[in-house]
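Here is a briefing on one protein model. Topics follow in groups.

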Amino acid sequence: MDLPKHIKAWQYGAVSGGIEKSLKLNASAPMPTPKQNQHLIKIHSVSLNPVDYKPSEVSLFRRFVVPNPATPGIDFSGTIVKPAKGSVLKEGDKVFGCGASPFAGGCLAEYAVAGTDSTVAIPKGVTMEHASTIGVAGMTAYQTIEPHIKSGSRVFLNGGSGGVGVFGIQIAKALGCEVVTTCSSRNIELCRSLGADEVIDYTKQKPLADALTKSANEKRKVDHIVDNVCADFSIYWKAHEYSTAGAKYILVAGSPSMSYMLNSTKIKFWPGWLGGGKRKSEGFFAKPNVSELQRIANWMAEGRVKAVVDQNFAFSDAPKAFEKLKTGRARGKIVVTVEGSY
């Protein structure tokens with residue numbers, strides 16, 4: 001197969017005024033060269049995540065961790081054009097997964113590389129668009145829930161209508177859990193349709209910890225806590241009021257704000273016996289795992305998990321996709337269709 005030497009790719013260097021204002025379409029970016037353990041993939045769809053822009057907007061982090069120029073986009077679906085050496089996947093296979101870098105995945109382009117440890121065949125019955133949504137969001141949901149629960153556990157997921165939350169509700173239900181979640185008024189029916197047993201409207205019930213304590217008194221305490229929002233830290237400081245003694249608090253989302261940095265530091269270092277939180281806490285960063293990606297994709301093929309796509313943007317409108325992502329109001333995932341839209 002003859003491949004072009006240059007491709008179209010959205011890239012940024014210095015970020016001024018936000019990534020959506022700094023992205024430029026490079027029509028002559030070099031074709032990526034895969035390593036032996038990487039596939040070369042013709043990209044069909046890219047699903048955006050907050051990690052696609054947050055590191056780029058912290059100047060010190062961008063300077064030392066993010067390449068220059070950088071091509072964002074971690075989660076993808078596409079077609080293998082050159083498989084990795086020794087892989088069971090072959091040329092022409094439809095696949096999904098995560099790009100080569102956790103901060104600038106390189107997938108918002110016509111072609112990208114992805115490792116054998118993060119690339120999975122798309123099951124029959126799952127579309128390219130829907131497969132592209134799994135990646136980081138699906139693994140984050142799975143890895144923050146599955147290792148910490150058992151069938152019958154009552155799980156609290158803060159932020160049920162976002163990219164991770166929509167997977168979290170469904171994965172927790174597929175694992176046999178009872179799910180309590182939060183969202184705004186307009187997303188209550190969405191969360192219920194995904195399987196949530198109890199939905200708390202965070203716009204009407206503040207602080208959330210009081211609503212959770214009331215729920216625990218009326219029903220039962222939760223056994224596990226996943227915070228996908230990290231905006232109301234009362235849910236950690238008062239977790240002992242609404243969770244069982246063995247419950248763990250998993251901190252997922254983050255921001256460079258002073259409030260977040262201060263609270264996350266206090267959570268980590270202020271012991272309960274000195275007045276700090278009384279539940280174990282963990283930070284989180286998703287790790288590629290092909291068996292977990294495959295399991296989620298199989299659930300999708302079986303209809304036990306469904307993709308929730310807020311909006312699908314054309315490749316030419318990638319900056320607008322980031323604008324929508326940064327509003328924090330997307331219901332589920334934001335997708336950019338690459339193949340056939342340029």
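A salt bridge here is a side-chain nitrogen of Lys or Arg within 4 Å of a carboxyl oxygen of Asp or Glu. The model is predicted: local features need pLDDT of at least 70, side-chain atom pairs count only at pLDDT 80 or more, and totals for chains, interfaces and linings use all residues. Residues are numbered from 1 along each chain as its sequence is written, and side-chain values use heavy atoms, with hydrogens and water left out.

**Salt bridges**

- By this rule, the count comes to 13 salt bridges.
- Lys248 and Glu282 meet through their side chains in one of them, at 2.9 Å from N to O.
- That pair links distant parts of the chain: Lys248 is in strand 12 (residues 248-251) and Glu282 in strand 13 (residues 280-283), 34 residues apart. Strands (E, at least two residues) and helices (H or I, at least four) are DSSP runs, numbered from the N terminus.
- Glu282 is partly exposed, at 34% relative accessibility. Buried means under 20% relative accessible area, exposed over 50%, and partly exposed in between (1.4 Å probe, protein chains only).
- Asp310 forms a salt bridge with Lys324, with the closest N and O atoms 2.6 Å apart.
- Asp310 lies in strand 14 (residues 309-314) and Lys324 in helix 12 (residues 318-326), so this pair ties together parts 14 residues apart in sequence.
- Asp310 is partly exposed at 24% relative accessibility, and Lys324 is partly exposed at 23%.
- Asp223 and Arg220 form a salt bridge at 3.5 Å, N to O. Asp223 has a relative accessible area of 23%, and Arg220 has 34%.
- Salt bridges link Arg154, Glu178, Glu198, Lys219, Arg220 and Asp223 in a network.

**Aromatic pairs**

- Six aromatic pairs are found in a search of the whole structure. Rings of Phe, Tyr and Trp (its six-membered ring) pair if their centres lie within 6.5 Å; planes under 30 degrees apart count as stacked, over 60 as edge-to-face and the rest as tilted.
- Phe156 and Tyr242 form an edge-to-face pair, 6.4 Å centre to centre with 85 degrees between the planes.
- This pair links distant parts of the chain, with Phe156 in strand 8 and Tyr242 in helix 9, 86 residues apart. Both Phe156 and Tyr242 are buried.
- Tyr236 and Tyr249 have ring centres 4.9 Å apart and planes at 55 degrees, so the pair is tilted.
- Tyr236 is in helix 8 and Tyr249 in strand 12, 13 residues apart.
- Tyr236 is buried at 2% relative accessible area, and Tyr249 is buried at 0%.
- Ring pairs link Tyr236, Trp237 and Tyr249 into a cluster.

**Helix 7 packing**

- In helix 7 (residues 208-218), the buried residues are Leu208, Ala209, Ala211, Leu212, Thr213, Ser215 and Ala216.
- These buried residues pack against strand 8 (154-158), strand 9 (178-183), strand 10 (198-201), helix 8 (234-237) and helix 9 (239-242).

**Ala112**

- Ala112 is found in strand 6 (residues 111-115). Ala112 counts as buried because its relative accessibility is 3%.
- The C-alpha atoms of Ala112 and His39 are separated by 8.3 Å, and the two residues are 73 apart along the chain.
- Beyond residues up to four places away in sequence, Ala112 touches Pro32, His39, Leu40, Ile41, Ile43, Gly106 and Cys107. Contact means heavy atoms within 4.5 Å.
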